[in-house]
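These are my notebook entries on one protein model.

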Amino acid sequence: MSDFKPTWRIAHITLDEDTILWRNADVEQERRVAIYDLIEENAFKPIRAVEAGHNGPYNLALSVPEGRLALAISTEDEQPLETLLLGLARFRRPIREYFAICDSYYQAIRKATAQEIETIDMARRAIHNDAAALLIERLEGKVETDHSTARRLFTLICVLHIKG
């Protein structure tokens, strides 16, 4: 990844609220933390927008129309720049695994030993890291980003897939 200018970043992010069919307090907390952390520190360089002279910061809107991930990128004053569409087939398994391990983690927090919680959390982080690497791979040639940003974006992609 190349060096990032401070303006090659996401300044504001939204999720398509119509896509989110169900959530609980744990999921809502994950969403809030991911958005807060993402806005506080991220690296996001949409290649075509930068080549066209738009150096950020950017607004990003995430949605899942027709089973594909849409990343609608705009300027801070909401001028549309581009919408990237990514197939989600390769994300289905990591999303399913992440939901399962998160469910185990939330249950463990309430009644497991510290060692059990740590073991589950390590597995959760491993799945999250692998999914972030997959997202970086899928964005190659479209958006340059770092691992931390990709992790937080994956969390938000998962929130968009909650069916209840």
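**Backbone entries**

I located proline 57 in the loop between α2 (47–51) and β3 (58–63). The model is a predicted one. I then looked up the peptide bond from glycine 56 to proline 57 and found it to be cis, with omega near -5°. For context, I noted that most peptide bonds are trans and that most residues other than glycine have a negative phi.

I next turned to positive phi values. Glutamate 66, which is not a glycine, has phi near 50°. I found glutamate 66 in the loop between β3 and β4 (68–75). Its relative accessibility is 77%, so I recorded glutamate 66 as exposed. Glutamate 78 also has a positive phi, of about 70°, and sits in the loop between β4 and β5 (80–87). I recorded glutamate 78 as exposed because its relative accessibility is 60%.

**Helix entry**

I checked the span of α5: its 13 residues reach 19 Å from first C-alpha to last, close to the 18 Å expected at 1.5 Å a residue. Among the buried residues are Arg152, Phe154 and Thr155.

I looked up the second largest pocket and noted a volume of about 210 Å³. Two or more lining residues come from each of α1 (25–40), α4 (114–139) and α5 (147–159). Of the 13 lining residues, Glu30, Tyr98, His128, Arg151 and Thr155 lie nearest the centre. I sorted the lining into 3 nonpolar, 3 polar and 7 charged residues.

Conventions
Residues are numbered from 1 along each chain as its sequence is written. This is a predicted model: local features need pLDDT of at least 70, side-chain atom pairs count only at pLDDT 80 or more; totals for chains, interfaces and linings use all residues. Side-chain values use heavy atoms; hydrogens and water are left out. On a 1 Å grid over the protein atoms alone, a cavity is a set of points where a 1.4 Å probe fits but cannot get out, and a pocket is an open set with protein on both sides within 12 Å along at least five of seven lines; lining residues have an atom within 4 Å of a point. Grid points are joined across faces, edges and corners, and a volume is the space filled by probe spheres set on the points. Helices (H or I, at least four residues) and strands (E, at least two) are DSSP runs, numbered from the N terminus. Ala, Val, Leu, Ile, Met, Phe, Trp, Tyr, Cys and Pro count as nonpolar, Asp, Glu, Lys and Arg as charged, and the others, Gly among them, as polar. The expected span of a helix is 1.5 Å times one less than its number of residues. Buried means under 20% relative accessible area, exposed over 50%, partly exposed in between (1.4 Å probe, protein chains only).
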